[in-house]
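Welcome, and please open the structure in your viewer. We will go from stop to stop, selecting a few residues at a time and looking at what is there.

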Amino acid sequence: MEVLYNVEDGIGRITLSNPPHNTLTHPVFAGRAQMKAFLDDPSLRAVVVRGAGRHFCAGADLECLGDQLADPDAIHAALDEGKRLLDLFRYATVPVIAAVRGSCLGAGLELALACHFRVASAHALIGLPETGHGAMPGFGGTLLAQDTIPRAGVMSLVLSGREFGAEEALGLGLVDRVVATKDLDTEVERFIDALVDNRPPSLVRAVMESIHNADRMPREEALQRETALFMEVAREGFQPDTP
Amino acid sequence: MTNDPIQLYESNGIARLMLCRPPRNEMDGAFFQCFARFRASVLPGLRVRGLIVSGQGRHFSSGANVAELKTQVTANEEGARTAFLDDNIASFDALACLPYPVVATVGGCCLGSGLELALACNYRIAARNALLGLPEVQFGLMPGCGGTVRLPRLIGRGKAMEMILTGRSVLADEALSLGLVDAVVERRALASTAELLIDRLTAAA
């Protein structure tokens with residue numbers, strides 16, 4: 001699978017490409033250094049993760065996975081490494097939006113859940129079907145889903161192995177917005193504008209970093225770090241009157 | 001009855017902490033100094049089964065005095081700049097660690113550090129007209145009293161990101177569906193609902 005990077009008007013786009021369904025042929029689906037450098041680009045105000053063509057990502061390529069399981073230690077390490085890649089999305093200091101068209105299943109949904117937001121097209125198909133194949137989500141899904149939907153919802157999502165339509169996924173909280181398929185790209189841009197338009201990039205990065213600390217630091221440390229970030233932000237720019 | 005910006009009453013074993021600068025109950029330097037005194041000398045001695053935090057008048061609190069805040073953050077003395085913020089955070093944090101339920105009753109505006117105070121409580125009960133938000137980004141600031149830590153832990157990181165980055169406020173019903181508040185009641189029922197909640201929580205104790 002290829003991963004394509006592109007920046008236009010301050011929006012970074014990461015495109016997963018393995019037509020037609022953009023299945024992941026390996027858990028380490030991208031080069032870590034390149035991904036990190038891309039996400040750290042100070043000119044970015046947001047990042048969009050998308051699939052080439054008509055689908056987001058239908059999950060792991062099961063044939064490849066079958067072959068890879070012949071070397072369990074290697075695939076074990078690869079899954080851990082792949083999850084660290086997903087952490088780059090999760091802890092990116094600009095908003096990361098998954099633009100979900102078509103199939104978003106298994107590892108594909110796990111990848112989308114590592115993003116901060118998910119905007120889905122009306123015909124998207126979303127789920128974690130691994131249990132139907134006698135497997136379980138191995139790319140962080142059982143944990144990442146808990147950030148977006150309550151634990152009981154995660155249990156039924158995973159154990160049922162059901163594939164949900166976009167509207168039902170919206171009701172569950174798996175996606176944040178559902179839009180007409182033809183409007184997906186423009187609606188994602190509108191979503192981004194609503195979040196970061198007119199905000200200084202340093203302010204967005206400070207807010208994002210502090211929010212991330214809420215789940216990766218103990219409370220006291222996160223609170224102290226928030227103070228430090230607040231001071232940096234306040235020093236930089238401060239208009240007492242609302243525009 | 002003192003003229004302090006924060007006043008404490010006790011009745012029926014429940015303490016009531018009231019913000020007393022109506023209508024906006026703005027959190028200025030005097031407020032935070034008073035809170036620090038309260039935290040140090042009053043809170044440790046309280047023998048109550050619950051604490052209700054509310055604002056006098058129409059609103060809970062409109063948040064910090066932004067102009068005063070600017071003066072403090074741009075002050076030149078090393079250490080003094082962050083000390084006041086750490087103090088504010090410690091004050092709110094003190095409410096989060098008490099051995100009895102702490103319930104915020106929220107009518108009207110509950111914005112910025114006002115919401116951060118409510119977030120430090122264990123429960124939030126809102127009146128139907130309540131308006132809650134962290135609008136700091138609209139002033140070129142970010143929440144500095146625990147909002148970026150407490151809000152995601154309460155409503156989830158995605159929803160918190162959206163609220164804090166946009167700085168938007170939500171009405172009571174949306175706050176309820178987000179999990180930002182635990183109940184929405186008629187304004188006149190705020191105090192009794194909070195008392196009933198404390199009674200139910202402490203009944204077996």
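Which residue forms a salt bridge with Arg162(A)? Select Arg162(A) together with Glu168(A): these two are the partners, and their closest N and O atoms are 3.0 Å apart. Keep in mind throughout the tour that this is a predicted model. Arg162(A) counts as partly exposed, because its relative accessibility is 39%. Glu168(A) is partly exposed as well, also at 39% relative accessibility. Over all chains, a search of the whole structure gives 19 salt bridges, and we will visit some others below.

**Stop two: a buried arginine**

Now select Arg101(A), in the loop that runs between strand E4 (96-100) and strand E5 (103-105) of chain A. Is this residue buried or exposed? Arg101(A) is buried, and yet it has no salt bridge. The nearest side chain of opposite charge belongs to Asp185(A), 4.1 Å away; a salt bridge would need the nitrogen and the carboxyl oxygen to be within 4 Å. To see the surroundings, show the residues that Arg101(A) touches beyond four places in sequence: Gly53(A), Arg54(A), His55(A), Phe56(A), Ser121(A), Thr181(A), Leu184(A) and Asp185(A).

**Stop three: where the two chains meet**

Next, colour chain A and chain B separately and turn to the place where they touch. How many residues of chain A are in contact with chain B? There are 38 of them, and they meet 37 residues of chain B. Together the two chains bury about 3,500 Å², with 67% of that area on carbon and sulfur atoms. The interface also holds 13 residue pairs in polar contact, counting pairs with both residues at pLDDT 80 or more.

On the chain A side, select helix H8 (184-196), helix H9 (201-216) and helix H10 (219-236), each of which supplies at least two residues of the side that touches chain B. The largest share comes from H10(A), with 11 residues. By type, the chain A side divides into 24 nonpolar, seven polar and seven charged residues.

**Stop four: salt bridges across the interface**

Two salt bridges are found between chain A and chain B. For one, select Arg219(A) and Asp93(B), whose side chains meet with N and O 3.0 Å apart.

For the other partners, select Asp215(A) and Arg157(B): their side chains form a salt bridge at 3.1 Å, N to O. This pair joins two chains, because Asp215(A) lies in helix H9 of chain A and Arg157(B) in helix H6 of chain B. Asp215(A) counts as partly exposed, at 34% relative accessibility, whereas Arg157(B) is buried, at 8%.

Among the buried residues of H6(B) are Arg157(B), Met161(B), Ile164(B) and Leu165(B).

Now select helix H4 (residues 113-120) of chain B, where eight of eight residues are buried. They include Ser113(B), Glu116(B) and Leu119(B).

Still in chain B, select Glu195(B) and Arg16(B), which form a salt bridge with their closest N and O atoms 2.8 Å apart. Glu195(B) lies in helix H8 (residues 190-202) and Arg16(B) in strand E2 (residues 14-19), so the pair ties together parts of chain B that are 179 residues apart in sequence. Glu195(B) is partly exposed, at 26% relative accessible area, while Arg16(B) is buried, at 16%.

**Last stop: after H10 of chain A**

Finish with Gly237(A), in the segment after H10 of chain A. At 24% relative accessibility, Gly237(A) counts as partly exposed. Which residues does Gly237(A) touch, leaving out those up to four places away in sequence? Select Phe139(B) and Gly140(B) to see them. Then show Pro200(A): its C-alpha atom is 8.8 Å from that of Gly237(A), and the two residues are 37 residues apart along the chain.

Key:
Residues are numbered from 1 along each chain as its sequence is written. Chains are lettered from A and ligands numbered from 1 in the order in which they are written. This is a predicted model: local features need pLDDT of at least 70, side-chain atom pairs count only at pLDDT 80 or more; totals for chains, interfaces and linings use all residues. Side-chain values use heavy atoms; hydrogens and water are left out. Helices (H or I, at least four residues) and strands (E, at least two) are DSSP runs, numbered from the N terminus. Buried means under 20% relative accessible area, exposed over 50%, partly exposed in between (1.4 Å probe, protein chains only). Lys and Arg count as positive and Asp and Glu as negative; His and the chain ends are not counted. Contact means heavy atoms within 4.5 Å. Buried area is the accessible area (1.4 Å probe) that two parts lose on being put together, summed over both. A polar contact is a pair of N or O atoms within 3.5 Å; within protein, one must be able to donate a hydrogen and the other to accept it, and residues adjacent in sequence count only if both atoms are side-chain atoms. Ala, Val, Leu, Ile, Met, Phe, Trp, Tyr, Cys and Pro count as nonpolar, Asp, Glu, Lys and Arg as charged, and the others, Gly among them, as polar.
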